[in-house]
Amino acid sequence: MNYIAALPKCLRNLTRRLAAAGALLGSAPACLAFGGVGFVPECASFTTCSAEVASSVFWNVRREVSNIQPGFIMPTDLVAGVTVYRGQRNVATTAALLEGSGGGGPLPGVTSYFFRAATARAQSDFAVNRVGTDMSRSVDGAFTNGNGNARVSLDTHAEASSAWRDVLSFSGSGHFRGVVAIHGSSSLGAAGLFDSSYVFSAAPGYADWFYDLRVWDVTNLSISEDFELGGPTAVGRARVSGVNEVRSNLASLAALDFDFASGVSYVLTAELRATSFDGREIHLYNTARLQDVVLTGGATVTSLSGHDYLAPVPEPQPAAMLVAGLAALALWSRRRSART
């Protein structure tokens, strides 16, 4: 082996390892981003994180009038070309956030049948995420007015995001076990009422959504795929998602498991986001709750936000309990009949 020729490569590897070791000792935490999720700001450093909540909503309605034929009379509330209406808002509180083009009235300057609506809503709290979108179907067709016609297409889009970050510490060592319950649904919005001379086809509509909860040990820094120069150690994750979503029932469960130790700070970051297009409404507003938390080893947990992660989730509403009871009774009756 030519040791002289291999020396430069060895020196380069040693330099990288020394740089990584230096990062672990303190320089990297101040310069690498960490803890940002949704519109929750990043931590001041790897080891200095605040408890934060934030919600964001966005809606967009696009209308295009094209292929205008001779003899077509342009209505006063339509214009040739593309017109876009949109709105966006962010809040860093636990208050509910609602933004949209609906609200019982048409878009600015639009009074005809070609009114489209899109609404996004979000609300975040520690251990709870809520999002939802509502919108009209996107359509594309030919509108006849006067002695000619024109192509009129309308597209809708809405997005909602709910995020939070908290810091946990434990009185002893043990294991954390919890469940994130996702309860939601999706459906298609109404195609809408149009003039009888508008011959159109409606888009099928689809949506993407995801929930992602991650747990980081910020006391014991390490080199990882997330932080190649050293940073917080990922110790737990719960995630679930849907792509090109068309299911009506979005109910899902995601388990969160990780080992913890006393004297260690753990940062939790969570985000629930839904992006809907062309009339696919998505309803995840009473969902994504971290619940049924159990700690082993007799340990207790303290959160920077003050939220009690061990508190039981409120009991189901009486109507839901009645339905569950009737279902259980029916199952018991079937089993009894099968035995006899």
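Which residues of the largest nonpolar core touch the most other members? That's where I'd start with this one, bearing in mind throughout that we're looking at a predicted model.

1. **The main core.** The residues in question are F170, F176, W209, Y211, L213 and L290, out of 48 residues in the largest nonpolar core. Strand 15 supplies the largest share of this core, with six residues. There's also a second, separate core of 11 residues, and L78, V139, F143 and Y198 are among its members. As background, nonpolar side chains in soluble globular proteins tend to be buried together.

2. Now have a look at D212, which sits in strand 11 (residues 206-222). Its relative accessibility is 16%, so D212 counts as buried, the cut-off being under 20%. What does the side chain of D212 make a polar contact with? The partner is the side chain of R237, at 2.7 Å. Not counting residues up to four places away in sequence, D212 also touches A238, R239, T269, A270 and E271.

3. **The disulfide.** The count here is one disulfide. C43 and C49 form it, and their sulfur atoms are 2.0 Å apart. Are these cysteines buried or exposed? Both C43 and C49 are buried. The torsion about their S-S bond is about 105 degrees, so the disulfide is right-handed.

4. **Positive phi at N67.** On the backbone side, N67 isn't a glycine, yet its phi is positive, at about 50 degrees. You'll find N67 in the loop between strand 1 (52-66) and strand 2 (81-91).

5. **Positive phi at D278.** D278 is another residue other than glycine with a positive phi, this one near 60 degrees. Where does D278 lie? Look in the loop between strand 14 (266-277) and strand 15 (280-295). D278 has 19% relative accessibility and therefore counts as buried, given that the cut-off is under 20%.

Technical notes: Residues numbered from 1 in each chain as written. Predicted model: local features only at pLDDT ≥ 70, side-chain atom pairs only at ≥ 80, totals over all residues. Heavy atoms only, no water. Disulfide = S-S within 2.5 Å. Buried < 20%, exposed > 50% of the residue type's maximum accessible area, 1.4 Å probe, protein only. Helix = DSSP H or I, 4+ residues; strand = E, 2+ residues; numbered from the N terminus. Core = buried A, V, L, I, M, F, W, Y, C linked by side-chain atoms within 4.5 Å. Polar contact = N/O pair within 3.5 Å; in protein donor to acceptor, adjacent residues only side chain to side chain. Contact = heavy atoms within 4.5 Å.
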